[in-house]
Amino acid sequence: MAVVVSSPYLPILIFFACGIAFAALSVLGLGVVGPKKYNSAKFVAYECGIQPSPRADQGGRVPVKFYTVAMLFIIFDIESVFLFPFAVAFDSLGLFALVEMVLFVLTVFVAYVYVWRRGGLDWD
Amino acid sequence: MSLMNYVYLAIVLFAIGAATVLVRRNAIIVFMGIELMLNAVNLAFVTFARMNGSLDGQAVALFVMVVAAAEVVVGLAIIMTIHRSRRSASVDDANLLKL
Amino acid sequence: MSLVPTLSALSSLPAEAGVGGNPVADFSDTPLWLAAVKAVAIFVYLMLQVVLVIWFERRVIGRMQQRPGPNRFGPWGIGQTLADGFKLMWKETFVPKGADTFTFLLAPIIAGAVAFVGFAIIPVGGTVNLFGHMTPLQITDAPVAVLVVLAAAGVGAYGFVLAGWSSGSTYPLLGGLRSTAQVVSYEIAMGLSLVAVFLYAGSMSTSSIVAAQRDLWFVIPAFFSFAVYVICMVGETNRLPFDLAEGEGELVGGYHTEYSGMRFAMFFLGEYVNMFTVSALATTMFLGGPAAPPGIAAIGGGVLDQGWWGLLWFTIKMWVFMWFFVWLRGSLPRTRYDQFMRFGWKFLIPATLVWVLAVAFIRGAQLSYLGENTLLATVIVVLVVAVGALVAAWNWDERRARATESEPVPDEIDPFAGGFPVPPLPGQQLREPDGGVTAGGSGSGALASSASSTPTSIPALGTTKEAHRGGSDA
Amino acid sequence: MSPLALIGPPSATFTPSEVSYLSILPMLIVAGAALIGVLVEAFAPRAARFTAQFAVAMLGLLAAFAVIAMRAPAMIGVTLSGAVVVDGPALVFQGMVLLMGAAGLALMAERFGGRGPDAFTPSGSSVPGSQAEGLAERLGTTTEVFPLTMFALLGMMLFPASGDLLTMFVALEVLSMPLYVLTALARRRRLLSQEAALKYFLLGSFSSAFFLFGAALLYGYAGSLNLGEIGRAVGTVSGRGGLLAAGALLLFVGLLFKVGAVPFHSWTPDVYQGAPTPVTGFMAACTKVAAFGALLRLVYVGLAGSRWDWELVLWIVAGLTMVVGSVLSVSQTDIKRLLAYSSVAHAGFILVGLLAIDRAGIAAVTFYLASYGFATIAAFGIVLLVRARGSEATHISQWAGLGRRAPVLAAGMGLLLMGFAGIPLTSGFTAKFAVFAAAVAHAGAAGVVLTVIGVLSSAVTAYVYFRIVVLMFFSEPGGAPVDVLRPSAGGATAIGVGLLTTVVLGVFPAPLLALAASASQFLW
């Protein structure tokens, strides 16, 4: 009998390999098919001629708002990491786990309210 | 293919992380080294959970991930304030407090 | 469909979908080579649909704007996408001077390849006989299948930020950061909205969720999650009205400004494949996946519901979502970035969290955590949730009303108050510009001084030039 | 065995762990106060924010201490299925952490007439001297300090009461992270403070990674995270001895770092000097109490059986800590740095007490921590009051002739320094005597050697302290004018309590010794 699929994640790998093969072939392989006419203007960054202000490659000045959003994302992502197993196993968990999860969500909500009031969520 | 090989891999990763922390100068790279060490410990926990047949190790791995995330938030905030007030995140420059 | 069965179905949802969350679809009779064949088949199925949807979108948008849309290449212009593809292939591709070459090339690969992964766990049809093996029309299923999709969406954000950062210039950098912040913010709401589905299905594996929806699609009990998910779907794939990253008016090309040829095509393709993946997940989670619509499923004892028929229903449902995407693009203007982020953070996330708690209590009532009489407990909890929602909506509306009517509309305005001539609202009188006549004052002052005495006449062109020169001398 | 079998269906009926709410009531009160503090910070109007925060924090701490003081015997017990063990030592340590936390909080709340806490900057993340900082200064009170301290105290209360290594690690992180942030919030010399926070953070998380790896190895060895089970498995499990020794040593790395023992003490002087002074006092006292509580529980419950593996290493560490702590404090010119090195030396003395693996050792360590904790908070409180041109006068030369200008303050500082030195009739002497007696009685030859090293190094520290006393009383005041601020009621009580304990525990130590001895029985 042929090898039965041992782990459920192997086909995902095969499917992902198809995707990567297709993407890599077109980006690297077909990328060289096009014509090659050198022209210095082409290689200048797209800035309508002016020098790009924050030199992005030397770590240009990035507004701090993106850092705050990244941190808030981490906090709420962690919250959903705990909500998923709770939701899946909800049938066998009793009222105790329900109350515990409500307290957990309320604690994170306190942090959320604090960030909201201190203006962490406002975009200028 | 005994499971101890995973533990040896975890030890090697832990050593690499510790070396990164001790050798590198940029605070963010040092911080990445610490994260690598925490992930190595995660691997060790999950391997021991598998060897003992209990699920405690995986619960601990979940907690370690949460703690690592909280550490990222606090750590990057401190490294950012240092970077903004000194224009450099290098750990060597932080030498005002001396023996 | 009378109300009573729905209500009773609502109060005793089948929880035997998959004991302990393990997948229902059995892959025991699926050798590895068959799994590979299925993978390639679904890959081709997806690629064909992408080519079709690009043409479909341009045609439909054209028709919506009273123009024919592409109709040159092939009947009704159906070959247009192939023509675009070949054109892009033969365009010159280069790496700009300031770019970091390795990441510059890696970003499109990530954007293109990771968009596919989400489709691997989607049940596309029922169990069929392929080359003598009874196997479900699904590449694979795992106890935590939906997490694979969320993880792939997370890694997809890397494609944007690496493209933006590695292009070496300002527009892509800001475009990349903006689109990543957008994708990241709406990913939380998407993750939380799926929690309600897991609560009802009791499992994360897609086949169990589809099995759990056999007699009631989750779009009814988890309607709010469905609404939030659809909004996040549009936000996640950077589609209009939320395509703020590559909005032409704002950031030129956004993160893929510096890309050309097949690399640009990869981002373009990644976006459309992502559209298919998120709508496939929506179909699986909320519309019963390959299950036939209730009416048709009842014909002939469900004969139209097994095997290959599932593929038809699944494709139809997915294309309903595609139509919705195109319809949105044809009709809605682009939102402002801060409005969009504020809506994501200040409404979607708290509302979804409250909704998850509400669903948890409703499910708790059904599983007799809140007392033996489950039907009564469910009704009470649903009523409490409904009243809470109404009060919140009323309070929010109240605050908005108070906010807008607070500034009274002045009945008389000075047209030059802001320095530029402002036309009066209907019913408003104009009055003498109180800026006074000052020679050689600030720019607006100079403009006012050159205006003739009657306030309402617009200064003649000649005098403006003279004022302009006057302004520049001051 | 395919991975699916391991996950398998969760047990049909999930049995929630039994929780005896009375045992964890103090921690719940402190956690509640911290959360309310966050809400107050978000919603209270700026004018009323300071008083509201101070009231919420103080009430929380005193209510928690009241519960412990009144209902201690009924709280004894293992709860949360082994995760939290509230027994004699845990209650005593929690009580000490609460009292010292209240004293530290009183010092942090010192306003010296300003609108917000004087020692803390209103906007921590702004660039020093920038326009944003000026704007925040004008806006006035930001009092995140109080909820941060309450969260740190929550971690410190859980640390000595944690029954398994996971709870201990979570408590270690909950206690450390607010301290990293607090260290970065000094109002004056902000570059030093930010740098101290960076060092404390990087080294702190580095050492907690070691702690975690040790926990992983012990889990591998004993098959369970519970300290009791590890203790039982120490003798029985054979074949994986290597894991036990390595795990134990790595665990000690994490905890010894927190305590500031020698090979891991490099952060202590920098952080104590850079951090705002009240935070330094709070850290020096409460963190040491919590860390020694956890170290005691780990040594006595978990690893007592395998003493031969790690005992020698701890002896060497204790000796080195005492020697390095005292010798390096001789050449210090900054008062906060000097107190930092003296705190390293004191950690060495406490380690000696800990190494007498016996109930007497626990009692001695408890007594020493009580006397040292209150005294060090009072010492840093006094350092807070001495000002030159607005900022703290920490250079030794600026303290010259202080006896003439502020006799009461100088006398208080003198008394505290004598307490640190261990002069008879002060709490330091009885503490050192108890610790050395326990070491000699129960730690055999090593105990005697350590006691000799201990006496010699405390002689060296005595010289350092007397030099300061001489400087304060018998030398001419230096050039720059030094003025002394009047502390508010809270600050004065905090310093008064420190002075009181130094005297009372020196003259009349019997009741606390008896309490420490009676409450030194660990529960499994």
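Predicted model: local features only at pLDDT ≥ 70, side-chain atom pairs only at ≥ 80, totals over all residues.
Stop 1: Select residues 127–130 and 133–136 of chain C, which are strand 1 and strand 2. The two strands run antiparallel and are joined by four bridges. Now pick out Asn129(C), and you will find Met134(C) of strand 2 opposite. Two residues lie between the strands of this hairpin, and Phe131(C) has a positive phi near 45°.

**Stop 2: where chain A meets chain C.** Next, show both chains together. The contact draws 63 residues from chain A and 79 residues from chain C. On the chain A side, colour helix 1 (10–29), helix 2 (40–43), helix 3 (65–88) and helix 4 (95–117), the elements that each give two or more residues. Helix 1 of chain A provides the largest share, with 13 residues. If you colour the chain A side by class, expect 48 nonpolar, eight polar and seven charged residues.

**Stop 3: a helix pair in chain D.** Finally, select helix 8 (residues 190–222) and helix 10 (residues 241–259) of chain D. Their axes are 7 Å apart and the packing angle is about 150°. Angles over 145 degrees count as roughly antiparallel, so that is how helix 8 of chain D stands to helix 10 of chain D. The crossing of these two helices is left-handed.

To look into their contact, show side chains: helix 8 of chain D contributes residues including Phe210(D), Phe211(D), Gly214(D) and Leu218(D), while those from helix 10 of chain D include Leu244(D), Gly247(D), Leu251(D) and Phe257(D). Which classes make up this contact of helix 8 with helix 10 of chain D? There are 16 nonpolar and six polar residues, and no charged ones.

Definitions and conventions. Residues numbered from 1 in each chain as written. Chains lettered and ligands numbered in written order. Pairing = 2+ DSSP bridges. Contact = placed C-beta atoms within 7 Å. Nonpolar A, V, L, I, M, F, W, Y, C, P; charged D, E, K, R; others polar. Axes fitted to C-alpha atoms, helices over the stretch in contact; angles between N-to-C directions. Parallel < 35°, antiparallel > 145°, perpendicular 65-115°, else oblique. Left-handed = near helix turned anticlockwise from the far one by under 90°.
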